[in-house]
Amino acid sequence: MKATVYVTIKENVLDPQGTAVQGALHSMGFSEVGKVRIGKYLEVELDTNDRAEAEARLKVMCEKLLANTVVEDYRFELEG
């Protein structure tokens, strides 16, 4: 089973990296770009066919390692 995990900075947390990218895009002539937020995209292969087990394990993985839940949100999608 394949999982796609998206980790993003919470809306109420400042994103200096996103602000830097936004400034760089503006300086390159892309003035139409508004707010930019930076996140992480991960693909995880799971050796199980049990969807409930996969969801439970992914939740633990995200909360223990993949996301800093103090300042980041996460979501995941399962295929297979």
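Reader: Where in the chain does Thr19 lie?

Author: Thr19 is part of helix α1, which covers residues 16-27. The model is a predicted one.

Reader: Is Thr19 buried or exposed?

Author: Exposed means over 50% relative accessible area. Thr19 has 51% relative accessibility, so Thr19 counts as exposed.

Reader: How far apart are the C-alpha atoms of Thr19 and Lys64?

Author: They are separated by 27 Å, and the two residues stand 45 places apart along the chain.

Reader: What pattern does the chain follow along the sequence?

Author: The order is β-α-β-α-β, made from two helices and three strands.

Reader: What radius of gyration does the chain have, and what would a compact globule have?

Author: For a compact globule of 80 residues the value would be near 12 Å, whereas this chain has 16 Å. The C-alpha trace spans about 50 × 25 × 15 Å along its principal axes.

Reader: How many of the residues count as buried?

Author: Of the 80 residues, 22% count as buried. The accessible surface of the chain is about 5,700 Å², and carbon and sulfur atoms account for 54% of that area.

Reader: Which residues make up the largest nonpolar core?

Author: The general idea is that nonpolar side chains tend to be buried together in soluble globular proteins. Here the largest nonpolar core has 12 residues in all, among them Met1, Val5, Val7, Leu46, Leu58, Cys62 and Ala67. Two elements, β1 (2-9) and α2 (51-66), each give two or more residues to this core. The most comes from α2, with four residues.

Reader: What does Ala67 touch?

Author: Leaving out residues up to four places away in sequence, Ala67 touches Val7, Cys62, Glu72 and Tyr74.

Reader: Is Glu72 buried or exposed?

Author: A residue counts as buried under 20% relative accessible area. Glu72 has 16%, so Glu72 is buried. Glu72 belongs to strand β3, residues 72-79. Beyond its neighbours within four places in sequence, Glu72 contacts Val7, Thr8, Ile9, Lys10, Lys40, Leu66 and Ala67.

Reader: Which share of the contacts joins residues at least 24 apart?

Author: Among contacts between residues at least 6 apart in sequence, the share is 69%.

Reader: What lies over the face of Tyr6?

Author: Arg75 does, at 4.1 Å from the ring centre.

Reader: How many aromatic pairs are there?

Author: A pair of aromatic rings is described by the distance of the centres and the angle of the planes. Rings pair if their centres lie within 6.5 Å, and by this rule the count is one aromatic pair.

Definitions and conventions. Residues are numbered from 1 along each chain as its sequence is written. This is a predicted model: local features need pLDDT of at least 70, side-chain atom pairs count only at pLDDT 80 or more; totals for chains, interfaces and linings use all residues. Side-chain values use heavy atoms; hydrogens and water are left out. Rings of Phe, Tyr and Trp (its six-membered ring) pair if their centres lie within 6.5 Å; planes under 30 degrees apart count as stacked, over 60 as edge-to-face and the rest as tilted. A charge sits over a ring if NZ of Lys or CZ of Arg is within 6 Å of the ring centre and within 35 degrees of the ring normal. Buried means under 20% relative accessible area, exposed over 50%, partly exposed in between (1.4 Å probe, protein chains only). Contact means heavy atoms within 4.5 Å. The radius of gyration is taken over C-alpha atoms; the globule rule is 2.2 Å times the number of residues to the power 0.38. Accessible areas come from the Shrake-Rupley method with a 1.4 Å probe; for residues, only the protein chains shown count as cover. A nonpolar core is a set of buried Ala, Val, Leu, Ile, Met, Phe, Trp, Tyr and Cys residues joined through side-chain atoms within 4.5 Å.
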